[in-house]
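Good morning, colleagues. Please look at the sequence and the structure on the screen, and I shall then take you through a few selected features.

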Amino acid sequence: MKLNAITGFLAASAIGLTALVSACVPSPTTPQTSNALLAKPDSLRITAITDTEWTLFQLVCGCGFALKLDSVTGDKTAILFKGTLPVGDTAQLHSVGFFAAPGTPSGSYSANFVFSDGFPTDTFDTTVHVFMTLP
């Protein structure tokens, strides 16, 4: 009888864990809206060498993910970025700051940063457009 109770408890625990994990598996659609990786805002303007402009990334489904940089086009040596979490960390929200590289001369610069959710299939991605004018 004790063995049946333990087996039943383990089975119920496994089902509960499976439900918990699968409840937040991102998919292209959810009942309320299409899923996507969002960047808010997705367009930033830097106007001083000391400025850092921030954007927040999240999946519409609210799932945790590991933000990954896929590519950068444009002035990628003049505009840099830093995250608030170590690379590869999973979280529901990721905050990333964009700033001028030290020693960047006066002028106008722009770059497009493409980020993805870090899942093996890179299901969702988004682009952040950064414009920078240094006096």
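Predicted model: local features only at pLDDT ≥ 70, side-chain atom pairs only at ≥ 80, totals over all residues.

Let us begin with threonine 55. Leaving aside its neighbours within four places in sequence, this residue is in contact with Ala39, Lys40, Pro41, Leu44, His94, Ser95, Val96, Phe98 and Val128.

Where does threonine 55 sit? Its place is in strand S3. Is threonine 55 buried or exposed? Its relative accessible area is 2%, so it counts as buried, the limit being under 20%. A polar atom of its side chain lies 2.4 Å from the backbone oxygen of proline 41.

I turn now to the sheet. Strand S3 belongs to an open sheet of 4 strands, in the order S1-S3-S6-S5, with antiparallel pairing. S1 and strand S5, residues 79-83, stand at the edges; each has a single partner strand, so one side of each is left without a neighbour in the sheet. On average, neighbouring strands of this sheet are turned by 25° against each other, direction ignored.

Between S3 and S6, which run antiparallel, there are 6 bridges. Glutamate 53 stands opposite phenylalanine 98 in S6.

Phenylalanine 98 leads us to the largest nonpolar core. Of its 24 residues, Phe57 and Phe98 touch the most other members. Among the elements that give two or more residues to this core are strand S3 (52-59), strand S6 (94-100) and strand S8 (125-134). As for phenylalanine 57, its contacts beyond four places in sequence include Leu37, Phe65, Val96, Phe115 and Val128.

Notes
Residues numbered from 1 in each chain as written. Heavy atoms only, no water. Core = buried A, V, L, I, M, F, W, Y, C linked by side-chain atoms within 4.5 Å. Buried < 20%, exposed > 50% of the residue type's maximum accessible area, 1.4 Å probe, protein only. Contact = heavy atoms within 4.5 Å. Polar contact = N/O pair within 3.5 Å; in protein donor to acceptor, adjacent residues only side chain to side chain. Pairing = 2+ DSSP bridges. Axes fitted to C-alpha atoms, helices over the stretch in contact; angles between N-to-C directions.
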